[in-house]
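Okay, thanks for making time for this one.

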Amino acid sequence: ILLDAWNLEPPNMIMSYTGSAAPLPESKIAHLTDLISNGLIPAAAQTNSWIVSGGTHAGCMELLGTAYSQSEFKGEIPVLGCAVFNKVRGHHLLENYGKDIET
């Protein structure tokens with residue numbers, strides 16, 4: 001799907017970015033944002049990589065999304081969020097999807 005439907009180029013590497021979804025201490029936000037903006041994102045661009053994260057708008061993952069949206073590389077590298085099912089808005093609409101299909 002990622003290559004055919006979304007027309008993404010195959011990556012040389014997939015970078016996994018993980019961390020807490022809990023609120024971050026204000027004293028750490030600037031340093032972490034700098035690491036993401038000047039380290040992770042440019043490294044992904046230079047190596048033709050994809051970045052995969054937990055996909056929520058909270059904690060470390062929110063910092064990644066914000067830094068990426070303000071980055072000169074926005075739109076050049078895929079940043080994919082893989083959220084836990086029960087954190088997806090409207091997940092209850094999918095819980096019974098396909099259960100009435102005979103196999």
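So, which residues are buried in α2? Those are Gly59, Cys60, Met61, Leu63, Leu64, Ala67 and Tyr68. Buried here means under 20% relative accessible area, exposed is over 50%, and partly exposed is in between, with a 1.4 Å probe and protein chains only. As for the labels, helices (H or I, at least four residues) and strands (E, at least two) are DSSP runs, numbered from the N terminus.

Quick housekeeping. This is a predicted model, so local features need pLDDT of at least 70 and side-chain atom pairs count only at pLDDT 80 or more, while totals for chains, interfaces and linings use all residues. Residues are numbered from 1 along each chain as its sequence is written, and side-chain values use heavy atoms, with hydrogens and water left out.

Now the overall layout. We have 2 helices and 3 strands, and along the sequence they run β-α-β-α-β. The radius of gyration is 16 Å, well over the 13 Å that the globule rule gives for 103 residues, so the protein is more spread out than a compact globule. For the record, that radius is taken over C-alpha atoms, and the rule is 2.2 Å times the number of residues to the power 0.38. The C-alpha atoms fill a box of roughly 50 × 35 × 20 Å along the principal axes. Of the 103 residues, 22% count as buried. Contact means heavy atoms within 4.5 Å, and of the contacts with a separation of 6 or more, 77% come from residues 24 or more positions apart.

On to the sheet. It's an open one of 3 strands, in the order β1-β2-β3, with parallel pairing. β1 and β3 stand at the edges with a single partner strand each, so one side of each has no neighbour in the sheet. From one strand to the next, the twist averages 25°. Two strands pair if DSSP finds at least two bridges between them, and β1 and β2 pair in the parallel sense over 5 bridges. In that pairing, isoleucine 14 stands opposite tryptophan 50 in β2, and methionine 15 is opposite isoleucine 51. α1 packs on the sheet, touching β1 and β2, and its direction makes about 155° with that of β1. Axes are lines fitted to C-alpha atoms, for helices over the stretch in contact, and angles run from 0 to 180 degrees between N-to-C directions.

How many residues of β2 are buried? The count is 5 of its 5. Ser49, Ile51 and Ser53 point one way, with Trp50 and Val52 pointing the other.

Let me stop at serine 49, which lies in β2, residues 49-53. At 1% relative accessibility, serine 49 counts as buried. Its side chain makes a polar contact with the side chain of threonine 47, at 2.6 Å. A polar contact is a pair of N or O atoms within 3.5 Å; within protein, one must be able to donate a hydrogen and the other to accept it, and residues adjacent in sequence count only if both atoms are side-chain atoms. Not counting residues up to four places away in sequence, serine 49 touches Pro11, Met13, Met15, Ala44, Ile77 and Pro78.

Next, the largest nonpolar core. That term covers buried Ala, Val, Leu, Ile, Met, Phe, Trp, Tyr and Cys residues joined through side-chain atoms within 4.5 Å. Of its 13 residues, Tyr17, Ile36, Ile41, Ala44, Ile51, Leu64 and Ile77 touch the most other members. β1 (13-17), α1 (26-46) and α2 (59-69) each supply at least two residues, and α2 gives the most, with 5. Leaving aside neighbours within four places in sequence, tyrosine 17 contacts Ile36, Leu40, Ile51, Val52, Ser53, Gly54, Cys60, Met61 and Leu64.

Asparagine 7, in the segment before β1, has a positive phi of about 55° although it is not a glycine. At 60% relative accessibility, asparagine 7 counts as exposed. Asparagine 48, in the loop between α1 and β2, has a positive phi near 55°. Asparagine 48 is partly exposed, with a relative accessible area of 34%.
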